[in-house]
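Me: Hi! I'm new to this one, could you walk me through it?

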Amino acid sequence: MKTYDAKNNQSCKLCGYKISHNKQGWFTLHLKNDHNLSLEEYLLRYYYLPEDLKCSYELCQNTVGLYRGKPKKHCSSKCSGLSKGKPLTCVICGIKFDTTTRSNRATKTCSKTCAKTLKSAKIKEWHKSMNLEEKEKHFEKIITKTARTKKK
Ligand SMILES: [Zn+2]
Ligand SMILES: [Zn+2]
Ligand SMILES: [Zn+2]
């Protein structure tokens, strides 16, 4: 991304108007007079690409504003705070999520649906292990029975 600099050559993307710099604000004046745009509006709409203006927090889809003609890193102070903590990955569906959607950071799932899936998966596993134990017990009984019958 080429960030906007008032000291560089200015070339209007709307009409091709050229001026060597914008230090005295002549380019800004041109935008205002000819296109009825503020410099910031012009930069946001025509100068920067959509990806230049994406909030740098991984999970945020918002666009950022400008500070002195340069895109800010984050769309909000909330995002700059959130970006300090890494997003979590859902153990069920693999989607990334954070504490804005799930308040408990210890949670392993992105949503209630996934939490349910995880819970039922755990129950299934527990059932499986229980069944195995039961089977073993059952099997033991059979063995002792057959042993007894053999004795007889
Ligand atoms: Zn122009
Ligand atoms: Zn953001
Ligand atoms: Zn999930």
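Reply: Happy to! Keep in mind that this is a predicted model.

Me: Okay. How many helices and strands are in the chain?

Reply: The chain has four helices and six strands. Starting at the N terminus, their order is β-β-α-α-β-β-α-β-β-α.

Me: And is the chain spread out or a compact globule?

Reply: It is more spread out than a compact globule, because its radius of gyration is 32 Å, well over the 15 Å that the globule rule gives for 152 residues. Along the principal axes, the C-alpha trace spans about 110 × 25 × 20 Å.

Me: What share of the residues is buried?

Reply: Buried residues are 12% of the 152 in the chain.

Me: How about contacts between residues 24 or more positions apart, what percentage are they?

Reply: Among contacts with a separation of 6 or more, 23% join residues 24 or more positions apart.

Me: Let's switch to α1. Which residues are buried there?

Reply: Helix α1 covers residues 26–35, and F27, H30 and L31 are buried in it. Looking down the axis of α1, the buried residues fall within an arc of 100°, so they line one face of the helix.

Me: Why would residues three or four places apart point the same way?

Reply: An α-helix has 3.6 residues a turn, so residues with that spacing of three or four places point the same way.

Me: Nice. What covers the buried residues of α1?

Reply: The cover includes β1 (10–11), β2 (18–19) and α2 (39–47).

Me: And what follows α1?

Reply: That's N36, which has a positive phi, near 55°.

Technical notes:
Residues are numbered from 1 along each chain as its sequence is written. Chains are lettered from A and ligands numbered from 1 in the order in which they are written. This is a predicted model: local features need pLDDT of at least 70, side-chain atom pairs count only at pLDDT 80 or more; totals for chains, interfaces and linings use all residues. Helices (H or I, at least four residues) and strands (E, at least two) are DSSP runs, numbered from the N terminus. The radius of gyration is taken over C-alpha atoms; the globule rule is 2.2 Å times the number of residues to the power 0.38. A residue is buried if 20 or more other C-beta atoms lie within 10 Å of its own, exposed if 12 or fewer, and partly exposed in between; C-beta atoms are placed from the backbone. Two residues are in contact if their C-beta atoms, placed from the backbone, lie within 7 Å. The arc is that of the directions from the helix axis to the C-beta atoms.
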